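Here is a short note on two packing features, for your review. Please read it alongside the coordinates.

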Amino acid sequence: MAAATATTTAAVLPLPSLVDRSQATTEGKPRLTLAHLLHPRDWDLPEWNGPHVEDPERVAEKVDDLDYSVALLKRYRNSLRPIHRLTPDVLALVFLDLVEEEEYPLSSQYGAASWTYLAHVCYRWRAIALGCGALWSQISTRYPDAALACLERSLDAPLSFVVHARANSGNAKEVIDRVRPHMHRMRKLYVPWTLMHDENGNVSELISSLIEAPAPQLETFYVYRVRVEGGCFALPTVFGGHTPRLRVLKLSYSYPQLGRISFGNLRELFIRGKKRDLITMEVSHLMKILESCPALEVFVTVKARFVMTEPLEQEGEPLHQVRLDNLRRMDMSRCSASVVANLLSRLIVPNCQLSMNVWLERRSDFRFLFGVPDELCDEHPLRDIRKLHVSYRSSNGGVVIEGMTSAHPFQIVATIDQASNLGDMPTNSGPILLSIARTLDLGLLEEFTIAETSFYHPHVGFSKELWIQVLARMPLLRALHIRLQTITDSGFCRVIISALSTSDEVTGKLVCPLLETITLVEDRTWSSLQWYKFAKARKEHGHPLRRLSLCLPHYENVENMAETDLAELREVVETVDLDPPAMLRLEFPSTTW
């Protein structure tokens, strides 16, 4: 069997002879063969284990050859392992997957080629790793030696290049100069904003050769933020203004301009300003940019505001609108409510998830604006709302309006500007809620939540008539959730229940005839007797409650619930419990990048 093994091995990898051919053909048995190597007891070496003598057959000189031969045999043995049944292209895909786990370009390890331990496992893995150019495509000036090695081994693979925030002519110039001839295969490029806009307002000489070079394969251009003093700026002309494959454009402390970069294939556009230096853009300019992005899917602005000092149409012209059928996410923050409402009235985005942070405004007719136009077209993303959650944050003068339409979630955070003369939130909360109900499409609403965070000033803007107007716009409402974290009723429970049990003077009908479930948490002003009267009145009108879930403070220390008055309450409500369900909040993608 040993001889057969030797034959098989020689067929796969040519091994050097372990002894001279003349020695193998001498009379008697050979002194040293592969078979004998496997059985040391058969070795016939001069003065074996004896004193030092001469080695006329130079067996000792063959040790290096033996080491090489053993290494080849080990390689052959490794090739028989089950893992080597995978073809080289499959193993390369596995390696690439491990590399993608460290793909975040601004991490400290990006470009360090920390995955190279894979090449130390065995000869085959090393050969596959060295021959796969895509494994070596992540380059950063943070690691200049690794960058130069990766650039050489990347072959013709698309490159991802990060210019580190501390790059200068001393530690990064060689790498950048070596990368410059490969800009034709650059796929992703990340540069700090400080190098795009130096003290003189120009592109730094360190990266000017990269920015001016053609980049026909570029898909991602990211100007990332660095905490350094300086103002926001308009993006200069980059890559000759021609980036036909650009899909992702992320700009920190800068904003785009038409003609300075290609928008035709853009999928994601991110614009970020500074806290003390907000980016200001004309709505007309923004509309032209969006119109140039027919394939846009994500549009996010942070610390950027939009103004309307220029007319968008001439007198008598129809409203100019832009259709973006592919837009699925739109985040805007720190904007005037009236400007955002005007912008949304000009955008046709039927499949979009909206997230906005606006400053509340009040019109001359005392109606509040919170970023949504008065009239919603049939394809507006806020049509057909099924769930609505209104949460007051009176401690900081804000209200969160979030919910779910038949297709997408939405979120609007409207805040009273401290510099305005609108007053505080408890005073305006009622009219704000009425403006919300009048503006949004609530005809198909099924679930409504009203909430207040920890705040100890009662709301004075509510009345029974106001709640009747609000609830009358929810004819299909089935579930009402009231969440309080205050020591007072705050104008919620008493007035809401009064409105729900008041008949219309003309028709004699109650609002929300399909209402089946009410849940309440932290109400310190109502008793089960008052709930009993309310539920009985609804039942007598033919609209009985199916579930009433209360978390009332006066039941907290009761050991035997049978001794309470809940039994009487169950006579008019199908299910009564003291464990209201937790309200699930909607999850939205983070705007941090």
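1. Start with phenylalanine 239. This residue is buried, because its relative accessible area is 2%, and the cut-off for buried is under 20%. Bear in mind that the model is predicted.

2. Phenylalanine 239 has an aromatic partner, phenylalanine 221. Phenylalanine 221 is also buried, at a relative accessible area of 0%. The ring centres lie 5.3 Å apart, and the planes make an angle of 85°. That geometry is edge-to-face, because planes over 60 degrees apart fall in that class.

3. On aromatics overall, the structure holds 10 aromatic pairs. One aromatic cluster is formed by Tyr190, Tyr222 and Tyr224.

4. Now the helices. H11 covers residues 283-291 and H12 covers residues 337-346. They pack at about 30°, with axes 11 Å apart. The two helices are therefore roughly parallel to each other, since angles under 35 degrees count as such. The crossing of H11 past H12 is right-handed.

5. Which residues make the contact? H11 contributes Val283, Leu286 and Met287. H12 contributes Val339, Leu343 and Arg346. By class, the contact has five nonpolar residues, one charged residue and no polar ones. Arg346 is the charged one, because Arg counts as charged.

Key
Residues are numbered from 1 along each chain as its sequence is written. This is a predicted model: local features need pLDDT of at least 70, side-chain atom pairs count only at pLDDT 80 or more; totals for chains, interfaces and linings use all residues. Side-chain values use heavy atoms; hydrogens and water are left out. Axes are lines fitted to C-alpha atoms, for helices over the stretch in contact, and angles run from 0 to 180 degrees between N-to-C directions. Helices (H or I, at least four residues) and strands (E, at least two) are DSSP runs, numbered from the N terminus. Angles under 35 degrees count as roughly parallel, over 145 as roughly antiparallel, 65 to 115 as roughly perpendicular and the rest as oblique. A crossing is left-handed if the near helix is turned anticlockwise from the far one by less than a right angle, and right-handed if clockwise. Contact means heavy atoms within 4.5 Å. Rings of Phe, Tyr and Trp (its six-membered ring) pair if their centres lie within 6.5 Å; planes under 30 degrees apart count as stacked, over 60 as edge-to-face and the rest as tilted. Buried means under 20% relative accessible area, exposed over 50%, partly exposed in between (1.4 Å probe, protein chains only).
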